Amino acid sequence: MTTAFVAATTTASATATAAEQLPGITPRAETPVLHDDDAGGNADADDPAIWRNTADPARSLVIATAKEGGLRAYDLDARPVQSVAAPPAEGPDDAPGRFNNVDLVHGLKLSSGVADLAVTSDRGHDTLRFYRIDRDRSGGPLTDVTDPAAPPVFSADQAEVNEQRTAYGLATWQDKASGRSYALVSQRERTGVALLELLPAGGGKVTYRKVRTLDLPSSFRLPDGTSWSPCAEPGELPQVEGMVVDPDNGTLYAGQEDVGIWRMRADLTGKPELVDKVREYGVPGVYDEETEECEAGADPGYGGKRITADVEGLTLVHEKDGDGYLLASSQGDNTFAAYDRELSDRNEYEGGFRVTPAGGALDGSEECDGAAALNEPLGSKYPHGLLVVQDGHEAPGDGDRPATNFKFVDLGKVMKTLDD
């Protein structure tokens with residue numbers, strides 16, 4: 001047994017012990033299983049958003065991405081309401097549509113009137129797509145209102161799109177001072193984040209323009225004076241996926257998967273600050289071409305103690321007194337970390353939890369990609385709000401088929417656990 005293997009095993013054992021000590025919270029419902037294979041339409045659950053129906057909160061919706069499987073809308077019983085297909089490939093040698101992340105925009109002024117929108121990053125085409133939300137529309141609540149002329153976010157042409165260093169993570173934001181709406185979009189396999197202003201187009205459609213971009217670091221100076229970069233496949237840089245904006249102060253939180261959680265201005269001006277680091281921060285690694293995995297070296301002890309790579313779905317829990325939490329999916333140990341939302345408290349760590357099985361037919365959440373929380377009453381089922389988390393390993397599944405879905409968790413239970 002090599003020294004590198006021993007160090008990696010010891011770290012993993014300590015991480016597992018820390019995770020097991022966190023309290024477990026059981027889900028109340030789960031969506032039907034999705035299968036990422038030809039028979040399942042290459043549908044892979046990834047990221048949810050919660051739309052509150054102000055006229056009838058009990059008829060609110062969870063809108064979620066299924067990658068090549070498109071977009072799904074569910075009711076509060078986790079039953080499917082609508083399935084929207086991702087757009088086809090531009091040509092026979094091009095990538096098909098692949099919806100990665102989703103967020104919401106409320107009250108955007110279109111040429112056809114004011115609308116709530118679901119916005120999704122189409123990783124396959126390197127664009128954003130927009131869906132108007134009309135809960136009582138006979139054909140389903142989601143209608144595509146994307147301007148056909150909407151440009152690629154990061155690519156100059158179709159050849160660059162096909163390289164798939166494209167639109168990946170997503171968070172929406174409305175600037176209180178100007179009233180303008182924006183989307184922040186990260187780039188796959190790169191460290192860049194782009195700020196896009198969302199704009200009305202003709203015929204009730206929506207488009208966008210790029211305002212500015214920001215590149216997070218890919219290499220880091222360690223306390224011992226050495227330089228460290230996260231181990232990855234050759235040519236890949238440590239990407240960002242999970243992002244969320246605090247609308248009260250215009251602060252963006254961005255999860256750089258193998259690094260940690262960054263805090264910065266949502267307009268991408270100013271200097272980003274690292275709120276917390278993953279446990280693996282600073283650990284050297286060597287990429288193995290045969291296994292397509294990284295072999296970890298000895299841990300120098302510079303990492304954090306709360307989250308294990310990858311850091312994924314970020315979501316905010318707002319409280320009426322201005323307090324609340326930033327929740328982060330610690331994908332590597334199947335836990336969730338909670339940080340104080342208030343900037344005056346420097347986003348200090350407040351606790352953590354796991355989403356654990358409620359029984360044989362209702363499992364918990366493992367390797368969670370995306371999460372969304374809403375601290376508003378949602379009828380009799382969720383009077384204290386809702387947390388929706390992706391489950392990367394739906395059980396019992398279906399043999400060897402890849403199986404994913406979304407778990408619905410009573411947010412009141414989460415708040416009680418964190419407050420205790």
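Guide: Happy to! Two strands pair if DSSP finds at least two bridges between them; strands (E, at least two residues) and helices (H or I, at least four) are DSSP runs, numbered from the N terminus. This is a predicted model, where local features need pLDDT of at least 70, side-chain atom pairs count only at pLDDT 80 or more, and totals for chains, interfaces and linings use all residues. Residues are numbered from 1 along each chain as its sequence is written, and side-chain values use heavy atoms, leaving out hydrogens and water.

Visitor: In which sense do S18 and strand S19 pair?

Guide: The two strands, residues 240-246 and 251-256, form a hairpin with four residues between them. Asp 246 stands opposite Thr 251 in S19. Over five bridges, the pairing of S18 and S19 is antiparallel.

Visitor: Which residue in the turn has a positive phi?

Guide: The turn belongs to the hairpin of S18 and S19. With a phi of about 65°, the residue is Gly 250.

Visitor: Which cysteines form a disulfide?

Guide: A disulfide is a pair of cysteine sulfur atoms within 2.5 Å, and a search of the whole structure finds one. The sulfur atoms lie 2.1 Å apart in the pair Cys 231 and Cys 294.

Visitor: Is the disulfide left-handed or right-handed?

Guide: Look at the torsion about the S-S bond of Cys 231 and Cys 294. That torsion is about -90°, so the disulfide is left-handed.

Visitor: Is Cys 368 buried or exposed?

Guide: Buried means under 20% relative accessible area, exposed over 50%, and partly exposed in between (1.4 Å probe, protein chains only). At 4%, Cys 368 is buried.
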